Amino acid sequence: MSEMLSLSNDPLLFISVMVAKILAVFLVVVLIVAYATYAERKIIGRMQTRLGPTMTGPLGLLQPIADGLKLFFKEDIIPAQSSKLAFILAPMMILVPAFITIAVIPFGGMITVGGYQVPLQITDLNVGILYILAMAGLGVYGIVLAGWASNNKYSLLGGVRSAAQMVSYELAAGLAIISVFMLSETLSLRGIVEAQAGSVMDWYIFSQPLAFCLFVITSLAEINRTPFDLPEAETELVSGFCTEYSSMKYALFFMAEYANMIVVSAITATLFLGGPAGPFPGPINLLLKVFFFMFLFIWIRATFPRVRYDQLMFMGWKVFLPLALLNIVITGAVVVF
Amino acid sequence: MELLQLFFFYLVAFVAVVSGFCVISCKNPINSAISLVMTFFCLAIFYVMLHAPFMAAVQIMVYAGAIMVLIIFVMMLLNQGSEVIARYRHAVTGAFIAAVLMLIQVVVILKNGGVSGMVGPNTAEVVESVGHTELIGQAMFTDFLLPFEIASILLLVAIVGAVVLAKREV
């Protein structure tokens with residue numbers, strides 16, 4: 001067993017390997033974000049017996065590039081009555097937490113580079129899960145600020161709704177995860193993946209089915225996807241917090257939404273489905289699991305109507321939260337006895 | 001490496017002080033709140049540099065992620081204009097007096113002992129090997145069990161109080 005590559009034993013190699021890992025992960029995520037928009041339009045189109053985009057390139061495959069170019073060359077409008085700084089800052093504040101969460105997700109085992117062991121993960125924090133929860137909590141600022149800075153009542157309502165929704169569902173999501181690390185006895189994501197190594201039956205989806213369901217539903221609510229997309233409910237709020245946004249700033253909100261989908265899928269795969277474990281090489285297994293969850297989310301969007309606001313709050317506080325607590329109590333009892 | 005760490009410390013400390021100053025000098029309360037979030041972030045970085053990653057994560061999760069969101073939420077709903085803020089100008093004097101008292105306290109403490117070079121059982125090496133989360137958990141559920149439970153009862157009382165206050169008719 002050779003040594004772990006670190007800053008002390010080969011600084012130059014360490015830095016170049018780190019930069020390579022970060023670039024690779026970033027490029028893959030951006031590519032998935034671009035083609036998730038295409039996949040969403042295509043899949044929902046099929047589910048509603050339409051074709052989806054077909055005109056741009058073969059099978060409409062160049063559609064995301066065309067959309068990107070269009071948004072890039074649109075006029076960037078900043079409303080005169082808005083708070084300029086917050087208005088410009090908001091789209092960045094929603095995109096950055098989404099992207100940096102990916103840094104702690106393991107996408108494979110160890111590989112050997114120049115005689116040293118290198119983990120296939122950007123960095124392994126020993127408080128990995130807490131880091132993810134902390135970053136998820138920061139995502140709300142982007143939406144709240146966007147809603148407030150636009151100086152538009154629909155935007156403000158969208159922002160207020162999202163703040164209430166994310167704060168209440170964050171709690172239930174966090175409590176659902178607690179039962180996972182009660183079993184794994186570690187907060188590090190690599191440790192959790194290792195705790196699930198072995199057979200498929202060791203995956204936490206089988207020992208924690210309730211936590212799995214709770215986490216998927218509450219994280220859907222946290223990333224504001226249908227059926228919980230009340231902050232941008234177009235029938236009542238035009239398009240909620242991003243009503244006043246245009247051009248690339250608007251595109252950033254959409255990128256953040258899809259990046260959040262990827263993050264939630266990857267976290268779910270890591271916590272409950274053994275992360276990179278599977279028949280193929282590590283990164284491919286993880287990608288397959290991520291694609292599965294993204295398909296699920298798109299499918300849910302095509303299937304369910306939006307929930308009402310009072311139903312949303314009722315479910316968050318009176319259904320999911322008690323269930324998550326009950327799950328912790330049961331898990332604790334099983335672990336002790 | 002030491003020099004790099006020192007440089008990083010001064011950079012983060014500079015950002016912390018500047019954003020802390022913005023909290024009290026910004027005209028717009030929302031901008032003040034955002035600056036306060038920035039300050040919390042810098043504090044979290046200090047925790048990481050002090051080998052306390054658990055504290056850093058909790059700092060961001062609780063203060064930046066939950067409490068500040070609620071404060072911003074309230075500010076957005078109230079949307080107080082500058083005339084309301086102007087009515088509370090006299091509060092600045094009180095805050096100034098409190099700040100001066102605080103400064104005197106800090107100077108006295110630093111003169112009579114200092115805060116660096118303290119030695120205890122949990123040195124940086126111990127924290128690195130055992131793990132910060134584990135150490136906090138052990139301390140909280142053995143030596144400090146009673147204070148921990150008292151704090152939780154206090155929180156429970158506060159929650160019940162909030163429910164009673166928020167109920168439409170009692």
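This is a short chat about the predicted two-chain model shown above.

Me: Before we dig in, what should I know about numbering and confidence?

Reply: Residues are numbered from 1 along each chain as its sequence is written, while chains are lettered from A and ligands numbered from 1 in the order in which they are written. The model is predicted, so local features need pLDDT of at least 70 and side-chain atom pairs count only at pLDDT 80 or more, whereas totals for chains, interfaces and linings use all residues.

Me: How much of chain A is buried?

Reply: Buried residues account for 44% of its 337 residues. Buried is 20 or more other C-beta atoms within 10 Å of a residue's own, exposed is 12 or fewer, and partly exposed is in between, with C-beta atoms placed from the backbone.

Me: Let's pick a helix. Is α8(A) mostly covered or mostly open?

Reply: Mostly covered, with ten of its 14 residues buried. Among them are F212(A), F215(A), I217(A) and E222(A). The cover includes α4, α5, α7 (204-207), α10 (247-272), α11 (282-303) and α12 (309-336) of chain A. Just after α8(A), N224(A) has a positive phi of about 60 degrees.

Me: What about the span of α5(A)?

Reply: α5(A) has 32 residues and reaches 46 Å between its first and last C-alpha, close to the 46 Å expected at 1.5 Å a residue. The expected span is 1.5 Å times one less than the number of residues. Just after this helix, E185(A) takes a positive phi of about 60 degrees.

Me: Where does E185(A) sit, and is it buried or exposed?

Reply: It lies in the loop between α5 (153-184) and α6 (189-195) of chain A, and it counts as exposed because it has 11 C-beta neighbours inside 10 Å. T49(A), also not a glycine, has a positive phi of about 45 degrees. The loop between α1 (11-47) and α2 (63-73) of chain A holds T49(A).

Me: Switching topic: which residues touch the most others in the largest nonpolar core?

Reply: L130(A), A259(A) and A57(B), in a core of 112 residues. Helix α4 (residues 128-149) of chain A gives the most to this core, with 17 residues. A nonpolar core is a set of buried Ala, Val, Leu, Ile, Met, Phe, Trp, Tyr and Cys residues joined through C-beta atoms within 7 Å.

Me: Last one: how many residues does the contact between the chains take?

Reply: It takes 20 residues from chain A and 19 residues from chain B, where contact means C-beta atoms, placed from the backbone, within 7 Å. On the chain A side, α4(A) gives the most, with nine residues. By class, that side has 16 nonpolar, four polar and no charged residues; Ala, Val, Leu, Ile, Met, Phe, Trp, Tyr, Cys and Pro count as nonpolar, Asp, Glu, Lys and Arg as charged, and the others, Gly among them, as polar.

Definitions and conventions:
Helices (H or I, at least four residues) and strands (E, at least two) are DSSP runs, numbered from the N terminus. Two residues are in contact if their C-beta atoms, placed from the backbone, lie within 7 Å.
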